[in-house]
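I opened the notebook to record what I looked up in one model.

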Amino acid sequence: MPDVTLKNVPGMADAAAVPVLDAATLSEAVFQNDYVAQSRPCVIRGAVKHWPASKKWRDREYLKARSGHHEIFLYENEYHVQAKRMTAGKREINFAEAIDRLHSDATRLAIVTTALPTELLSDLGGFPFLTKAEPAYCYPPARYFFHRNAGTTWHYHPFDETLMCQVIGSKKIGLVSGNSPANLQLRRIFFAEDYYDNAAAFGALNDDSVRWFSATVEEGDALYIPPLWWHGVIPLSQGFGATAAVTWRSPPAVIANGIKKMALGEIDMIGKAVIEDFQGLLLTAQKLGLDREFAIAWARGN
Ligand SMILES: [Fe+2]
């Protein structure tokens, strides 16, 4: 099982656990005020155990019958940030074939990341602690990670809030805030992605003030991932797994903080080409009085 995404990051050895909450007792006010408004990650145990997906997605024939027709990309490697690491294992096949390959013992590791099977949206449920949410700017309402012994290397989301919902299998996640003076060093190392093969790559990080965190999600749990938090993911369970990333719009103060930092060059507006609702994001920046900062952030981004 590949584990270098976390093992080769020295800070993970003494990472602090993110707070762990219980979906049955977590109020919407506490989630919003203590976590979302402050961009503090947390694990919410049992957040999605009531979803129909928790039962239905264990049946591969169900997934194939429902969504098998979509043409998608299966990657026979982990989900990397470096395009050159994603080309050799890239296969364009239909979703039904991908689901079969992800269940096959002959497949060592593979991952599909897609929002195309919109038929599966009805298998997701709500969250008792999140009843009011506006659509995200950069991401579809839900996207799926179907995987076999594969995770994702370190990256961050420039905007929007995310609940990483673990439907099948378990995972470990490393997290570190991009809201720190060390972020430019982190950016260089994580985006170069040399650490994936080279445990010494983090020798270049010269900042003891960086606070590393880790979280484990079991089936039925969700991890709240704020924007601008680097995260890397490894699988903990063997075989087929399924995760849904549910996204929504951040509070205005969080959006404003991101745009200001991007304008200052402290963090990058990444993923410009795939922003789902650019006009909405631009309008929000204007309402926040950050037209100029947004223009600078956009010009700096990629
Ligand atoms: Fe992510």
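My entries on this model follow.

**Ground rules.** I am working with a predicted model, in which local features need pLDDT of at least 70 and side-chain atom pairs count only at pLDDT 80 or more, while totals for chains, interfaces and linings use all residues. I number residues from 1 along each chain as its sequence is written.

**Overall form.** I looked up the secondary structure and found ten helices and 14 strands, where helices (H or I, at least four residues) and strands (E, at least two) are DSSP runs numbered from the N terminus. The C-alpha trace spans about 50 × 45 × 35 Å along its principal axes.

I counted two residues as in contact if their C-beta atoms, placed from the backbone, lie within 7 Å. Of the contacts with a separation of 6 or more, 84% are between residues 24 or more positions apart. I find 40% of the 302 residues buried, that is, with 20 or more other C-beta atoms within 10 Å of their own.

**Core.** I took a nonpolar core as a set of buried Ala, Val, Leu, Ile, Met, Phe, Trp, Tyr and Cys residues joined through C-beta atoms within 7 Å. The largest such core has 80 residues, and Cys165, Ala222 and Leu223 have the most contacts inside it. Strand β14 (residues 240-248) gives the most to this core, with five residues, and the core draws at least three residues from each of domain 1 (4-250) and domain 2 (251-302). Leaving aside neighbours within four places in sequence, I listed the contacts of Leu223, among them Pro41, Val43, Met164 and Ile173.

**Domains.** The domain bounds come from an automatic or database domain assignment. I note that the C-alpha centres of domain 1 and domain 2 lie 23 Å apart, and that the contact takes 15 residues from domain 1 and 14 residues from domain 2.

**Sheet.** I traced an open sheet of five strands, with mixed pairing and the order β1-β11-β10-β13-β8; two strands pair if DSSP finds at least two bridges between them. Its edge strands, β1 (16-17) and β8 (152-155), each pair on one side only. Strands β10 (residues 171-177) and β11 (residues 212-217) run antiparallel and are joined by six bridges, and Lys171 has Val217 in β11 as its bridge partner.

Definitions and conventions. Buried ≥ 20, exposed ≤ 12 C-beta atoms within 10 Å, placed from the backbone.
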